[in-house]
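Hello,

Here is the structure I promised to pass on.

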Amino acid sequence: MKHIKNISVVCLLVMVFVSCAKTNQYEQQANELAQKVIIVDGHIDVPYQLKDEWVDISKATELNFDYPRAKEGGLDAPFMSIYIPVEYQETGGAKAAADSLIDMMEGVANENPDKFAIATSPEEIQANFEKGLISLPLGIENGAPVGGDLSNVRHFYDRGVRYITLAHAKDNRLSDSSYDTTADTHNGLSEYGKDVVKEMNRLGMMVDVSHITDSAFYDVMDVTEAPVVATHSSCRHFTPGFERNMSDDLIKNLGENGGVIMINFGSTFLDSTSQNSQEKVRQEITKRIEEKELDPDSEEAAQFRSEYFQENFKFSTVKKVADHIDHVVDLVGIDHVGLGSDYDGVGPTLPKGLKDVSTYPNLFAELLERGYTENEIEKIASGNVFRVWNKVNEVADSKQ
């Protein structure tokens, strides 16, 4: 009997060794793959972060994105989000605000020509990749800067913007917002919003359907002649009732359109457990700050808020991001999914294993372990969004 037990222990140790060896193999392969293929991230919110508090992203920072960690993680083309808060829809000045953020990102590239370069096409991203540069393509988040003047679409195209997220947290002139469902201002897209989509098709600008309502999405599908992108959305299958994510029917329509859904990494986009945890933890933090008689605006309260959240919030994981990718692939195939992390836009909710731009290899390792080929991962990393982008340009060329 003792002999049998010894054999069992040896077998267990061998299994553990083999498992660890496979894990190390996937990790090494993932790190090499991340440096070999072009990685495009559909949405990173650095510009507005720099507007609030300037830091030099060519060096190490406390943001989710900076040059050293992007190089470590293999990130080659992060779409810089020209995010315009909804307040500008009421106060005016949205166009000027967008121009100022574009100026800022151009300045970052001009001041660091050995590290960054603005890019307006897949070809430019490829050329920058071969030079060892990180491309900074631009996308506007919230169609408010277009205002009521259709010529502003051309203005931003000429400034290098290659997608517009039609709405953000509230309905605007173009579209209803998935975060503002009680308003339902246009019951989808406005007539003007349809004209904006047509103009984006004509110029060669990708239409971003993240943030808009289901009705607005279907309106876009009726109007667009080019495939569209959801630059930072995940699957509603895992977060029932959360309209900000895409339902299975929307994803199927997106696939028929030839478009791409780029998975958001925020824990609350990935998992209902995290969503429920966030509200609970926020309520607990408010209560405890009151009990401690802290000034809510004090540094002490801010530190307590951060530490308590990190200790008590139920973070999602890199495996859940892979689950969302699996779900899209099961629904519409490998050609319609990409990466749209929302780094520096989802606050402290990033999942375990994907805390900043150095960690894309962790996701690649998980996908390799699940049986994805290197060619399939390259499609997820950039091939799919490049296909859409090129098709958008092809449609625009046909209209000139």
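D323 and R370 meet through their side chains in a salt bridge, 2.8 Å from N to O. (A salt bridge here is a side-chain nitrogen of Lys or Arg within 4 Å of a carboxyl oxygen of Asp or Glu.) The two residues come from distant parts of the chain, 47 residues apart. D323 sits in helix α14 (residues 318-332), and R370 in the loop between α15 (360-369) and α16 (374-399). Helices are DSSP runs of H or I with at least four residues, strands are runs of E with at least two, and both are numbered from the N terminus.

This is a predicted model, in which local features need pLDDT of at least 70, side-chain atom pairs count only at pLDDT 80 or more, and totals for chains, interfaces and linings use all residues. Residues are numbered from 1 along each chain as its sequence is written, and side-chain values use heavy atoms, with hydrogens and water left out.

Back to the D323–R370 bridge. D323 is partly exposed, at 24% relative accessible area. R370 is also partly exposed, at 30%. (Buried means under 20% relative accessible area, exposed over 50%, and partly exposed in between, with a 1.4 Å probe and protein chains only.) Shared partners join K319, D323, D326, E366 and R370 into one network of salt bridges.

The whole structure has 18 salt bridges. Another one pairs D103 with R159, at 2.7 Å from N to O. This pair, too, links distant parts of the chain, 56 residues apart. D103 belongs to helix α5 (residues 94-111), and R159 to the loop between α7 (151-158) and β6. D103 counts as partly exposed because its relative accessibility is 41%. R159, at 18%, counts as buried.

K115 has two contacts to note. Its salt bridge is with D114, where the closest N and O atoms are 3.5 Å apart. K115 also lies over the face of Y67, 5.5 Å from the ring centre. (A charge sits over a ring if NZ of Lys or CZ of Arg is within 6 Å of the ring centre and within 35 degrees of the ring normal.) Y67 in turn belongs to a cluster with F65 and F116, linked by ring pairs.

On to the aromatics. There are 15 aromatic pairs. (Rings of Phe, Tyr and Trp, the last by its six-membered ring, pair if their centres lie within 6.5 Å; planes under 30 degrees apart count as stacked, over 60 as edge-to-face and the rest as tilted.) One of them joins F79 and Y163. This pair is tilted, with 5.1 Å centre to centre and 45° between the planes. F79 lies in strand β2 (residues 75-83) and Y163 in strand β6 (residues 161-165), so the pair ties together parts that are 84 residues apart in sequence. Both residues are buried.

F309 and F315 form an edge-to-face pair, 6.3 Å centre to centre with 85° between the planes. F309 counts as buried at 7% relative accessibility, and F315 does at 14%. K355 lies over the face of F315, 3.8 Å from the ring centre.

Now the spaces. How many cavities of 30 Å³ or more does the structure hold? Two. (On a 1 Å grid over the protein atoms alone, a cavity is a set of points where a 1.4 Å probe fits but cannot get out; a pocket is an open set with protein on both sides within 12 Å along at least five of seven lines; lining residues have an atom within 4 Å of a point.) Grid points are joined across faces, edges and corners, and a volume is the space filled by probe spheres set on the points.

The largest cavity holds about 60 Å³. Its lining includes H211, F217, R244 and M246. Y48, Y83 and Y88 are among its lining residues. Helix α5 gives the most to that lining, with three residues.

The largest pocket has about 880 Å³ of space. It is lined by 31 residues, of which Q49, D344, G345, V346 and G347 lie nearest its centre. α2, α11 (267-270) and α12 (272-291) each supply at least two lining residues. α2 gives the most, with three.

Best wishes
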